[in-house]
Amino acid sequence: MTVTRDLSPVSGGDNAALPGLQVELARDEPMRLDSGQSIGPFTAAYTTCGDLNSDKSNAVLVCHALTGDQYVLENNPVTGKPGWWELMVGPGKPLDTDRYFIICVNVLGGCLGSTGPRDINSDTGELWGLDFPVITIGDMVRAQALLLDHMGIDQLFCVIGGSMGAMQVLEWASKYSERVFSAVPIAGAARHSAQNIAFHEVGRQAIMADPDWRKGNYLREGVNPKGGLSVARMAAHITYLSETALHRKFGRRLQARDAISFGFDADFQVESYLRHQGSTFVERFDANSYLYITRAMDYFDLAAEHDGVLAGAFEGTTVRFCIISFNSDWLFPTEESREVVRALNAVAANVSFVEIDTDKGHDAFLLEEPEFYATVSGFLEGAAEHRGLTAK
Amino acid sequence: MKTDYSGTAPQIPGVSTLSRRDLEIIADMIDQGSRVLDVGCGNGALLDYLGRNKGVDGRGIELSQAGVNACVAHGLSVIQGDADTDLEHYPDDAFDFVVLTRTLQATRNPREVVSHLVRIGRHAIVSFTNFGHWRVRIEMMFGGRMPVVGEDGASWYDTPNIHLCTIGDFSTLCDDLGLRVQRALSLSHSGSARELKSAGAAANIRGEEAIFVLTRE
């Protein structure tokens, strides 16, 4: 596949210049999607850290969230910032790269190297745009499974992720339980709630209302719906925090001024912060990708194909689960995690469940929360012992 | 840089020994390699011991979040939950042993809890403080005050122990539920255990603590 663009996902460039690894999957046979359509061949862009051991038993798949990417530890080539989970992954960290082989893949439909709506459809030679098939969490995981086939890894020691990453973890544990030894879904849910679908719809409408969106054809027309995508990000960003955290961080403090302006400038620090979040986000993310990935989350409902009985998704599972939630997370509240725990108990699965006390909201899984990391560390230690992975 | 996370969670006492006499006795009752659910597992001492010394596949439920976090951070499979509300989600015969130590008195509906224990497990092991013990009787008779029992020494108004019973009371409950008492032991103050032939008056007076092994008839 020859796509020319630079590193930034919002302008033309070259995928080959992205650090990390890329592989073309589904070459011989297209991959079937939940929608009934097929895709293939397609590119999976991923990074690895640590070493795969001789019997390939120490692989850990990290599943990223909605706007995450494969740069879990190494610096993000677009933003130049450190990997998004460097608190979790690295030497001596809970996902110890001296011990485990960490894999993180940009999701199918993403915009940092894996095939998505901003790429060229090799069948037509045209940009995908909205012709890109609607994908699901199941499709993302199916693509990851193909990557593992390619790498010759039969079973993951652990699959772990927060938010949309947690959805992928649950999908993995349900659909490929024999390929998963342990699973750590963090701040997630077995289905997207009505409230969360509603928030996503606000974001999508903001993008589609931007005149530069051009019915999804903006790349072809040389424009970018930055305003819409930025508003989508601002609205979403609020849901990742908590009222307490916002208040602690900003209160009603004014931004670089002594008095309110009686206008619509960013008088308040919180406004300035959100605008900054929006404007930096549009430099690293593709608007159509945002539509596709939010849709994938909305469609996620693990119980649906088991007549609404979530326990049916885990029947006979041998996976060791560690479910983690944060008590100030109102986007994926603890009750959602508890529902997964109840379903796992109903099939007598091996499950741990910890609710972390924090005021940092949904984003807590990316932030400094010692008890959270101690939990993951301890759980993995126990799982490694059962898997026969000795400490280095 | 290596980060040491062990300091953030309370240590589990005794890897190879148990500090509580009732837990020692219960650990002896549990078969090698069996599946065990510890309801109200606290800091996970029993589960940890059983995992290391008896190859047990152990799970725990604990009400206190601090207890749960400590357990999971030590590699034990424990969930935050409540014996009164969460046992109903477990399937029948999911475990070989379901253990409830010094917890029954803090449940809202002990009768329901005991029914679930014998449904979920092939055996239920229940330990509790005997309120028929002579020391308790004397305190009531001569002190005229509610006896303060249990590790926390809490007064009547703030104790979590709301359903206290005697060995005699518990035997009656087992009869009412149609359960078979496979074994019953009473523990003296010094920790010596004695098999209870029946829930006779003597046992009900001498035993400071009791351990019952129950099965469905």
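This is a predicted model: local features need pLDDT of at least 70, side-chain atom pairs count only at pLDDT 80 or more; totals for chains, interfaces and linings use all residues.
User: How do I read backbone angles?

Analyst: Most residues other than glycine have a negative phi, and most peptide bonds are trans. Then look for exceptions. Phi of Ser163(A) is near 60°, a positive value in a residue other than glycine. Phi of Ala256(A) is also positive, near 50°.

User: Where do Ser163(A) and Ala256(A) lie?

Analyst: Both places are loops of chain A. Ser163(A) falls between strand 11 (156-162) and helix 2 (164-175). Ala256(A) falls between helix 5 (243-250) and helix 6 (269-284).

User: Which of these is buried, and which is exposed?

Analyst: Ser163(A) has 27 C-beta neighbours inside 10 Å, so Ser163(A) is buried. Ala256(A) has 9 other C-beta atoms within 10 Å, so Ala256(A) is exposed.

User: Which peptide bond in chain A is cis?

Analyst: The bond from Gly40(A) to Pro41(A) is cis, with omega near -5°. Pro41(A) lies in the loop between strand 3 (38-39) and strand 4 (42-49) of chain A.

User: Now chain B. How many helices and strands does it have?

Analyst: Chain B has eight helices and eight strands. Of its 217 residues, 47% are buried. Consider contacts between residues at least 6 apart in sequence. In chain B, 64% of these join residues at least 24 apart.

User: How do I describe two packed helices?

Analyst: Two packed helices are described by the angle between their axes and the distance between the axes. The crossing is right-handed.

User: Which residues meet where helix 1 of chain B packs on helix 2 of chain B?

Analyst: Helix 1 brings Leu23(B), Ile26(B) and Ala27(B). Helix 2 brings Ala45(B), Leu46(B), Tyr49(B) and Leu50(B). By class, this contact has seven nonpolar residues, no polar ones and no charged ones.

User: What covers strand 1 of chain B: one face or both?

Analyst: Strand 1 spans residues 35-39, and five of its five residues are buried. Both faces are covered. Arg35(B), Leu37(B) and Val39(B) point to one side, with Val36(B) and Asp38(B) on the other.

User: Which strands pair with strand 1 of chain B?

Analyst: Look for bridges between strands. Strand 1 pairs with strand 2 (residues 57-62) in the parallel sense, over five bridges. In strand 2, the partner of Arg35(B) is Asp57(B). On the way from strand 1 to strand 2 the chain passes through helix 2, and this β-α-β crossover is right-handed. Strand 1 also runs parallel to strand 4 (residues 95-101), joined by four bridges. There, Leu37(B) has Val98(B) as its bridge partner.

User: Is Gly60(B) buried or exposed?

Analyst: Gly60(B) is buried, with 28 other C-beta atoms within 10 Å. Gly60(B) belongs to strand 2 of chain B. Gly60(B) and Leu37(B) are 23 residues apart in sequence, but 5.5 Å apart from C-alpha to C-alpha. Beyond neighbours within four places in sequence, contacts of Gly60(B) include Asp38(B), Cys41(B), Leu47(B) and Val78(B).

User: How many residues does each chain give to the contact between chains A and B?

Analyst: Chain B gives 23 residues and chain A gives 26. On the chain B side, helix 3 (65-73) and strand 3 (77-80) each supply at least two residues. Helix 3 of chain B provides the largest share, five residues. By class, the chain B side has 12 nonpolar, nine polar and two charged residues.

Key. Residues are numbered from 1 along each chain as its sequence is written. Chains are lettered from A and ligands numbered from 1 in the order in which they are written. A crossing is left-handed if the near helix is turned anticlockwise from the far one by less than a right angle, and right-handed if clockwise. Two residues are in contact if their C-beta atoms, placed from the backbone, lie within 7 Å. Ala, Val, Leu, Ile, Met, Phe, Trp, Tyr, Cys and Pro count as nonpolar, Asp, Glu, Lys and Arg as charged, and the others, Gly among them, as polar. A residue is buried if 20 or more other C-beta atoms lie within 10 Å of its own, exposed if 12 or fewer, and partly exposed in between; C-beta atoms are placed from the backbone. Two strands pair if DSSP finds at least two bridges between them. A crossover is right-handed if, with the strands pointing away from the viewer, the path from the first strand over the helix to the second runs clockwise.
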